[in-house]
Structure formats: C-alpha cells, structure tokens
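User: I am new to this structure. Please show me how to read its features one by one.

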There are 2 protein chains.
Amino acid sequence: MHSKNKHELNPRISTDCVIFGFDFSQLKVLLIERESVEGLDPSMALPGDLIYEEENLDMAANRVLNELTGLKEIYLEQVGAFGDPNRLNKESDKAWLKAVRKNPDERVVTIAYYSLVNMNDYLPQPSSFAKSAYWIPVHEIKELAFDHYEIYQAALKKLKDKIMAQPIGFNLLPEKFTLSQLHKLYEVILGRDLDKRNFRRKMLKLKIVESLDEKQEGVPHKPSQFFKFNEENYSKLIQNGYDNFGF
Amino acid sequence: MHSKNKHELNPRISTDCVIFGFDFSQLKVLLIERESVEGLDPSMALPGDLIYEEENLDMAANRVLNELTGLKEIYLEQVGAFGDPNRLNKESDKAWLKAVRKNPDERVVTIAYYSLVNMNDYLPQPSSFAKSAYWIPVHEIKELAFDHYEIYQAALKKLKDKIMAQPIGFNLLPEKFTLSQLHKLYEVILGRDLDKRNFRRKMLKLKIVESLDEKQEGVPHKPSQFFKFNEENYSKLIQNGYDNFGF
DNA sequence: CTATCTATGTGTCAAAAGTACACTTTGCGA
DNA sequence: TCGCAAAGTGTACTTTTGACACATAGATAG
C-alpha cells in the first residue's frame, strides 16, 4: 500500500436531499440549477451543501434544504453515505466547485436524505447558489451534477421499498384527497398499474383513510368522494408491526 | 446563529462494522475489546476505525474489519451515517481516544456497515488496537463504546427488515445445513417462534434449498437430512422482484 | 332537455397463501 | 427393549390476492 494511502481522510461533509412531490399526475423531484460559471452549461443538481461544525447530520440536511429552496421543517429520512474519491471529478463539476468552494479539490463525503412533500404546500424559493429550483418529473431526470443521479436512484429505490412495506405517501397529498389520487400516486411511485378495485378494497380495509361528507364539484364526470388520512389508525397499524403492505 | 457554527465541518471519517454470526443456537455479533487505558474498564466496541485518503467507503470498511479482526472479503451492506457532534463525548471514550488518536477531540462521522457470516469460516484474530475479538450473543449486548449500541440496533433492524423481505441468511450457515438449523436462524433473527411445518413448506416451495443424499450421523435422535442452498433458483427469485417473503 | 362524455364506484369468484394444530419416525444410549 | 429427543409429515380452515365489466353522477354541447 502506498504511504499516501495511510493518511487519514479529513474531508468535508455535505448533505444532499432528494425531495419527492406529486402533482396528481406525475412524481417529481425538487432540483436546483446551479449559478452558471463562465461558459459552462448550468446543470441540475440535488439541493445540497457542506455542513457546519456543531451541526448534527439531520439538522444540517434541513438547514441546507431550507437555504437552497426555502422548504422548511421537512421530515427527512437518510438514504446513506456516498463517498467515492472520484465523485466530484467530472470536469464540469470541478469548474463549478472552483467558483464556489474555498477548497474545491477537497474530498467531500455526502450524506443523502429523502422526503415526500405536498408540492402545493412548498413553493420552492431558490437562494444561496441555487439560481432556480424546479420540480422535475422523474422521467425527465437523466443526468445530474456530481454523483447525484446515483443518489437519486438510491432514494427512489428506498421510496419504493418503503411504500411496498407500509402505506405511506399521505405527505404527498393535500389534507383531503380522492382515492383516485392516492391510487395514481401509488402507480407513479411503483411505476406500474394497480387494479383500481383491489387498491380501494385494501385501503378501506386497513381503515387508514376515512370518507368525508364532501365531494368534488364542477368536474365533468361523476364527482368523487373526498377522503382524509386517519392518523390514529395508521399509527396503530404501524406499531403492531405491520410491514407487509404489498400489492 | 453563532458565527462559530458557520465554519464548515472538517471531520475524520470512520467505518464501524456490525458482523452477525450464528452458532446454531444464538445470533451473535463480532465485537472487539479495546486495549485498556490506565484505570479504564476495557469496553466492547464494534470493529471500526478511521478511513484513509483515496479509499472509497466500502473498501475502507473491509480493510478496517480485516485489520481488527482478521475477517476478509466480506460482503458489507451500508447501514447509514452516524454523525452526532456528541457521539464520542462519553468520558470513558474520550480517555481512550486520547490514548490512540492523534487528534482525539476531532469530530468523527462514521459510516456503518453490516454483514452476515458463517462463524466457523471466520475465526476472529484480533490485531491493531483490538485486544481481543469475540462473538457476543445479541442478548448480552447491553452497552457498547461510543454510539455503537445505537449503530448495532440500526443494523439489527435492517437485518430483520431484509430477512422479512427476502430469504437471506444462507451466509450464516455452512454449505450443508439442516432445515432445523435454518428454521432456528430465522427465529433468532426475528426474535419470535415460527411454525416448523409452515416454515419448511415455504422454504421447499420456493426451491431455494435442495435436499442432499446425506444425513446427520451420531445424533441421539432421528438424524436430519442435509440441504444445500440453491443459488440459481435464489437469484431467479430475486430477479423476478420477489420481495414479500414474510411469515 | 336529451344525448354524450368522462372518470367514479362497485361485487364476485377462483386461486394462492397463511395459520393452527398432533402424532409418528429414527437412531442412540441406558 | 425401552425411553428419549429431535425430525418429519398432512389437513382443514381462514384470509388475502388477483382478475375481471358494467352502472352511475354530473357536466357539457347540441
């Protein structure tokens, strides 16, 4: 082993956030466009930045997300750590880092987080080095800065695993929603069709949704019933070790 | 916010490994005893140490595990990152760090990994600052150095989730094993009884175990059939997106 | 005011999976 | 040869899944 390798790593730590949203037809991810640097194509990235001393990882992720996109008080779940020595070594990334970081060549280990939010409650307001922040449909996400595409894929996998193991996704919807919307949400996350009747049957049997005395209005078809999430029944279910939600 | 907090964190990175083994009756974890420092109780810890420059995280975890315990070429799966600013601040830990680290007060973010191994294939051989390395039954694990207990719990949860989602655990057994041994393994990981007949039925239906023409010998009861793991059927199963193994 | 359009909402049946449960078998050793 | 200890085996019942097609409510356009 080269003696060079014997030096203990002393990197920076960053967090990157994969925030999923849903607009009733597509699954989207919140991305920022970096301030462009002379001549470089501005490229899309996950909101993420270096963390500070004295911060714990979860808090840092929330702060960074807030600074770059304006989103606040989001429950973030950890995806994992990404620390390949070459993760920042694409030429375009190096140029950008040179422009914004004090020590652009320093190695950075990033801790990735993900979350689900209701898009309508959180209007992204870019600041810091985020020139803009957009909700991008997942099917349009093809390349991202750094190793962010890999991080995004890992987060999506976690999301799929989680939604298969236990019913989640209520964060992504407004307080009252229709079963069709919930149904659609599951379909876009899992990336496949689910039988409408079987889906409804299951949701209703679990009693985690509750019918409201209210219907859609003004739609050019049979109006659908509104439902709300029953938090109480949901926590009971989870506490009883329910972990086999699968379709 | 205090200006102090605005400094970017520049910590060390370590890895800690939670290695599970099985001795046909109990689930165990590989722990090391640290070289004792004047007056301090030697305490048990997960094998873990700082990583070097130029190493990627997975490789570092393997190197560290090997240096401390002698285990080699283990498939390690990431548990996650643990980086609370106070994670090394117990008095006993600080004293120990002072004795072995160049910069004992430096913040350290650790990336935890876990794995399952066949205890008989890997006889722990402590070295480096590991005074000894033992397989400790999980029910005896009550406190560990640093935040290692928390890390161990997170790893155990991952293991349970995983074994519920897909049949794993063959790593923990010798090449040929009896269905009773496999059955017991599932019980100790999940921490509850599983019906013997139902367990066997399921394993056999999935065709991931295959009967050998060989029986136990010299046991004071009906000798049991040996089985082997059918890797081919197993990968087929996994590739078909099988993820609902639950009992 | 009638016809048409569109998405909602509903029931049944067969197959598969899960759950609960008790006795016989084999080989060793006393 | 008897007893012991763990292996091994089958069945009946319940629950869950998965596949499938048509009537309904309200809006709109003619």
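User: How many helices and strands are there in chain A?

Analyst: Chain A has six helices and ten strands. Helices (H or I, at least four residues) and strands (E, at least two) are DSSP runs, numbered from the N terminus. This is a predicted model: local features need pLDDT of at least 70, side-chain atom pairs count only at pLDDT 80 or more, and totals for chains, interfaces and linings use all residues. Residues are numbered from 1 along each chain as its sequence is written, while chains are lettered from A and ligands numbered from 1 in the order in which they are written.

User: What box do the C-alpha atoms of chain A fill?

Analyst: Along the principal axes, the box is roughly 65 × 40 × 30 Å. Of the 247 residues in chain A, 32% are buried. Buried means that 20 or more other C-beta atoms, placed from the backbone, lie within 10 Å of the residue's own.

User: How are two packed helices described?

Analyst: By the angle between their axes and the distance between the axes. Axes are lines fitted to C-alpha atoms, for helices over the stretch in contact, and angles run from 0 to 180 degrees between N-to-C directions. Take helix H3 (residues 148–165) and helix H4 (residues 179–190) of chain A: their axes come within 9 Å and cross at roughly 135°.

User: Why are H3(A) and H4(A) called oblique?

Analyst: Angles under 35 degrees count as roughly parallel, over 145 as roughly antiparallel, 65 to 115 as roughly perpendicular and the rest as oblique. H3(A) and H4(A) are therefore oblique to each other.

User: Which residues meet there?

Analyst: A:Leu159, A:Lys160 and A:Ile163 in H3(A) meet A:Tyr186, A:Ile189 and A:Leu190 in H4(A). By class, that contact has five nonpolar, no polar and one charged residues. Ala, Val, Leu, Ile, Met, Phe, Trp, Tyr, Cys and Pro count as nonpolar, Asp, Glu, Lys and Arg as charged, and the others, Gly among them, as polar.

User: How many residues does each chain give to the contact of chain B with chain A?

Analyst: Chain B gives 30 residues and chain A gives 30 residues. Two residues are in contact if their C-beta atoms, placed from the backbone, lie within 7 Å. On the chain B side, strand S5 (77–82) is one of the elements that supply at least two residues. S5(B) has the largest share, three residues.

User: Which residues are closest to DNA strand D?

Analyst: A:Lys222, B:Ser180, B:Arg197, B:His221 and B:Ser224, among 24 residues that surround DNA strand D. Near means a C-beta atom, placed from the backbone, within 6 Å. That surface divides into six nonpolar, nine polar and nine charged residues.

Technical notes:
Buried ≥ 20, exposed ≤ 12 C-beta atoms within 10 Å, placed from the backbone.
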